[in-house]
Amino acid sequence: MKIICVGRNYADHIEELQNERPAEPVVFIKPDSAILLKQHPFVIPEFSENVQHEIEVVVKISKVGKYIEPKFAHKYYEEISVGIDFTARDLQNDLKAKGLPWEKAKAFDGSAVIGDFLPKAQFSSLENLTFELKNNNQTVQQGNVNMMLWKIDELIAYVSQYFTLKIGDIIFTGTPKGVAKVNPNDVLEGYLEGQKLFRIQIK
């Protein structure tokens, strides 16, 4: 399976990092080795002094698809959750300045937290979902999918132009503002529509 991630999909986060607003989705991939195993802490890697949290809505692909039309994209996933795209921001900034790929800063071991999945059928609308990240019981990021520049179905259609989507693939759909450095002993909890879907400790 592969983890397809979308960057710069919330205007407030683009402004937060002083990035340019893209004309089309920014896409990158994490390997399956990036998944943080359940019940495991996140260990800050020694190569970064500034690992930041980015909470995102994630969807799990449920059928094989290629060149999917947006109007049919909803048929390609049945479950939804939240996750964290951990980012070594200092390393990423250095790589970006040199015009190099981001993988070392975004795709390292343990950099993808994936919460428990919920059936999308339990939500009345997938275009008005709230999500939230708490750090030590304090809300640090909040978002709503209605703030996305490209909605979930549009993202599925877009990435399927380039990558065949397979059963079990995961799509991270972008983060809102509020990204910040994590520190040892932090406890991060992710919520979708008020339901807690992950809890991890930082070491």
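The model is predicted, and local features were considered at pLDDT of at least 70, side-chain atom pairs only at pLDDT 80 or more, while totals for chains, interfaces and linings use all residues. Residues are numbered from 1 along each chain as its sequence is written, and side-chain values use heavy atoms, with hydrogens and water left out.

The protein contains four helices and 14 strands; these elements are DSSP runs (helices H or I, at least four residues; strands E, at least two), numbered from the N terminus. The C-alpha trace spans about 45 × 40 × 30 Å along its principal axes.

Of the 203 residues, 53% count as buried, where buried means under 20% relative accessible area, exposed over 50%, and partly exposed in between (1.4 Å probe, protein chains only). The protein exposes about 9,700 Å², of which carbon and sulfur atoms supply 48%; accessible areas come from the Shrake-Rupley method with a 1.4 Å probe, and for residues only the protein chains shown count as cover. Among contacts (heavy atoms within 4.5 Å) between residues at least 6 apart in sequence, 76% join residues at least 24 apart. The side chains include 24 positive and 27 negative ones, and the centres of the two sets lie 2 Å apart. In this count Lys and Arg are positive and Asp and Glu negative, with His and the chain ends not counted; the place of a charge is taken as NZ of Lys, CZ of Arg, CG of Asp or CD of Glu.

Helix H4 (residues 152-159) is largely enclosed by the rest of the structure, because six of its eight residues are buried. The buried residues of H4 are Ile152, Leu155, Ile156, Ala157, Tyr158 and Val159. Their cover includes strands S1 (3-7), S2 (26-30), S4 (55-61), S5 (77-85) and S11 (170-172).

Thr175 is located in the loop between S11 and strand S12 (180-181). Thr175 is buried, with a relative accessible area of 3%. Its side chain reaches the backbone oxygen of Ile55 at 2.8 Å and makes a polar contact of 2.9 Å with the side chain of Gln141. A polar contact is a pair of N or O atoms within 3.5 Å; within protein, one must be able to donate a hydrogen and the other to accept it, and residues adjacent in sequence count only if both atoms are side-chain atoms. Thr175 and Pro45 are 130 residues apart in sequence, and their C-alpha atoms are 21 Å apart in space.

Ser48, in the loop between S2 and strand S3 (51-53), is likewise buried, at a relative accessible area of 5%. The side chain of Ser48 makes a polar contact with that of Asp90 at 2.7 Å. Apart from neighbours within four places in sequence, Ser48 is in contact with Ala88 and Asp90.

Glu189 belongs to strand S13 (residues 187-192). Glu189 is buried, with a relative accessible area of 7%, and its side chain is joined to that of Lys196 by a polar contact of 3.1 Å. Not counting residues up to four places away in sequence, Glu189 touches Glu132, Leu133, Lys134, Asn137, Lys196, Phe198 and Arg199.

Asn137, one of the residues touched by Glu189, lies in the loop between strands S9 (130-135) and S10 (138-144). At 60% relative accessibility, Asn137 counts as exposed. Although not a glycine, Asn137 has a positive phi of about 70 degrees. A positive phi, of about 55 degrees, is also found at Arg8, again not a glycine; Arg8 lies in the loop between S1 and helix H1 (11-16).

Tyr67 lies in the loop between S4 and S5 and counts as exposed at 58% relative accessibility. Residues up to four places away in sequence aside, Tyr67 touches Ser160 and Gln161. The C-alpha atoms of Tyr67 and Lys203 are separated by 42 Å, the two residues being 136 residues apart along the chain.
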